[in-house]
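Thanks for coming. I will go through one structure today, starting with where its chains meet and then moving to a few residues inside each chain.

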Amino acid sequence: MRDAFIAELHQIASEDRNVLLLSGDIGFKVFDKFRDDYPGRYLNMGIAEANMIGVAAGMAMSGKRPVAYTIIPFLTMRAFEQIRVDVAMQKQPVVIVGVGGGLAYDILGPTHHSIEDVAIMRALPNMTVLVPGDPAETGAATRAAFELDGPVYIRLGKNGEPLLRPNVVDFEIGKATILREGTDVAIIGSGPILGIGLKAAELLAHQGLSCRVINIHSIKPLDAAAILSAGQQTRAVVTLEEHNIIGGTGSAVAEVLAESACAVPFKRMGISDTFTYEVGSQKHLLKIHGLTAENVTDTLASLVG
Amino acid sequence: MSDDTPNRIDSKALSKKANELRLNVLDMVIAAGGGHIGGSFSVIDILTALYLRVLRHDPENPEWPERDRLVFSKGHCCLALYNVLAECGYFPRSDLERYCVDGGLFAGHPERELVAGAEATTGSLGHGLSIAVGMAIARQLDDDGHRIFCVLGDGECNEGSVWEAFMAGAQFKLDCLTAIVDSNKLESLGRVSDILSIEPLGDRLKAFGWAVREIDGHDMEAILGALEALPFEQGKPSAIVSHTVKGKGVSFMENMTPWHYRGPNAEEAEVARRELKALLRQ
């Protein structure tokens, strides 16, 4: 996903010389081509994230189109107040791109994981929150972010994520995409973890349950209609995210369902409010959290009774 | 040898103007029942010099792309900023009646959305210099000649983010950027040096790679002398440590911690007015 982001950014930067890329001293060799092709427009801001965000805001106020990039916790949490005041409150067109969503930085340990970012970025007025599910969506999200011309947060995985869909990407801010049609149960999720959701839908099909899989890559603004349709048209809904079940995708979906008095059996699946102290690969850690296709299948099956 | 060299006339007139604005600040604080009066009085001389004499700007066209930018990072002292902006004509003076009232335009910290001439919404300390650095890098890329100023408080320099910005200013060789620290030696609850010392400030800023001058922030000639010598060194951002007195102009406020944020009672108000008016007659 990271490579897809940088490829699309490179293209956008060729179209608009105001595009600038700020990095918090990460991305070994990743930005070499950008730096070489656009002299002066790639800036390593050092390990100083609060300053990086303020600088990006000042650049935006001066007519530039900056991207601020680093690992998610240092970007969104250390510098959250700068994002709040300098970017969101003053509505500046800064594209905030965080890498390492969820447990993508696995073996580096919990300091480098991010399970709270969607929750806190969602709570900022004027902030658009995008959680693409694969490299193709990442490219589309990047372009959409620049077209929006306002504060945007894009949550990337890392690299090596498979495509969720082999074909054309339709990516629209505020609109969910249906990855798989279904009528009995529904999985609503965001991010690369939807791959597990798609596998679960396959398993459910073998059990005679038709499972809709909805990708809400646009967490804010949210496609409430798609959520309500799922709630009203199916008999059980599970949300799926590589994030704390508090405050993120699941909570956003729950808000819609609760306020519409839709009483569909519902459960949030994700990281159950714990840091991941265990050591291991992303797959290993997801298993520890119960985030497997089998578990999603079992959860939906038991919800539907 | 004439006493009235052009610089002296300008500086006398500017000093007088700053004292007039102190009276206006006082009136606003009395009307609102309180305000950050101490720090507004310490910064108002240099702010008057900047807006009325030094900055290239157009109050009737606050978005003029070639304007000098000033980020007022010590946003709590916006009483000074509001009055200087009004004096320049960014908005009618009568608008200042809408300070801290329902449906008003002027809050206790300046909002970019509401205040013509305010380059950034400040009030949360420690943000402004980074924003100014960003503006300066943009200006450097566009190479279009305008300058960027940032006014900070000394208590504000407790914030670590300020030092990130100081590092960046030097790293990117931003000689179009000037940081002015209103060094009135006090923060909210006491002396900066007793709480979280930033001294020796001038030396620290030099060590951080800035070209530094220290001035008496109430000596208008010294203020103008420093501002007109910018940038102090090619390839380095400039820093002015402006030594001031919190509450300057009113005897019982000067250097007194409680006047960080306070409203004078009737007796204090009368004394303050009398003293400030006396300054105008000098």
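Predicted model: local features only at pLDDT ≥ 70, side-chain atom pairs only at ≥ 80, totals over all residues.

I start at the interface. Between chain B and chain A, the rule finds seven residue pairs in polar contact, both residues being at pLDDT 80 or more. On the side of chain B that touches chain A, the elements that give two or more residues are α4 (128-142) and α5 (160-171) of chain B. Of these, α4(B) provides the largest share, with nine residues. By residue type, that side of chain B divides into 10 nonpolar, six polar and five charged residues.

The predictor gives the complex an ipTM of 0.96 and a pTM of 0.97. For chain B, the mean pLDDT is 96, and 97% of the residues reach 70 or more.

Now the extent of the contact. Chain B puts in 21 residues and chain A puts in 24 residues. The two chains bury about 1,900 Å² between them, and 58% of that is on carbon and sulfur atoms. Which three residues supply more of the area that chain B buries against chain A than any other three? They are B:H127, B:L141 and B:E164, with 26% of that area.

The rule also finds two salt bridges across the interface of chain B and chain A. B:E113 forms a salt bridge with A:K91, and the closest N and O atoms there are 3.7 Å apart.

Next, salt bridges within the chains. Over all chains, the count by this rule comes to 29. In chain A, A:R143 pairs with A:E8 in a salt bridge, with the closest N and O atoms 2.7 Å apart. A:R143 lies in helix α7 (residues 135-148) of chain A and A:E8 in helix α1 (residues 2-15) of chain A, so this pair ties together parts that are 135 residues apart in sequence. A:R143 is partly exposed, at a relative accessible area of 26%. Also in chain A, a network of salt bridges links A:K29, A:D32, A:R35 and A:D36.

In chain B I have two examples. In one, the side chains of B:K17 and B:E87 meet in a salt bridge at 2.9 Å, N to O. B:K17 is in helix α1 (residues 6-32) of chain B and B:E87 is in helix α3 (residues 78-88) of chain B, so the pair ties together parts that are 70 residues apart in sequence. B:E87 is partly exposed, with a relative accessible area of 29%.

The other example is B:D45 with B:R22, a salt bridge whose closest N and O atoms are 2.7 Å apart. Here B:D45 lies in helix α2 (residues 37-54) of chain B and B:R22 in helix α1 of chain B, so parts that are 23 residues apart in sequence are tied together. Are B:D45 and B:R22 buried or exposed? Both B:D45 and B:R22 are buried.

Last, two residues of chain A. A:T128 sits in strand β5 (residues 128-130) of chain A. A:T128 is buried, because its relative accessible area is 9% and the cut-off for buried is under 20%. Leaving aside neighbours within four places in sequence, the contacts of A:T128 include A:L148, A:Y153, A:I173 and A:K220.

A:A226 is in helix α9 (residues 224-233) of chain A. A:A226 also counts as buried, at 14% relative accessibility. Beyond neighbours within four places in sequence, A:A226 is in contact with A:A176 and A:I214. A:A226 and A:I216 are 10 residues apart in sequence, and their C-alpha atoms are 8.9 Å apart in space.

Methods: Residues numbered from 1 in each chain as written. Chains lettered and ligands numbered in written order. Heavy atoms only, no water. Contact = heavy atoms within 4.5 Å. Buried area = accessible area lost by both parts, 1.4 Å probe. Salt bridge = Lys/Arg side-chain N within 4 Å of Asp/Glu carboxyl O. Polar contact = N/O pair within 3.5 Å; in protein donor to acceptor, adjacent residues only side chain to side chain. Helix = DSSP H or I, 4+ residues; strand = E, 2+ residues; numbered from the N terminus. Nonpolar A, V, L, I, M, F, W, Y, C, P; charged D, E, K, R; others polar. Buried < 20%, exposed > 50% of the residue type's maximum accessible area, 1.4 Å probe, protein only. pLDDT = per-residue confidence, 0-100.
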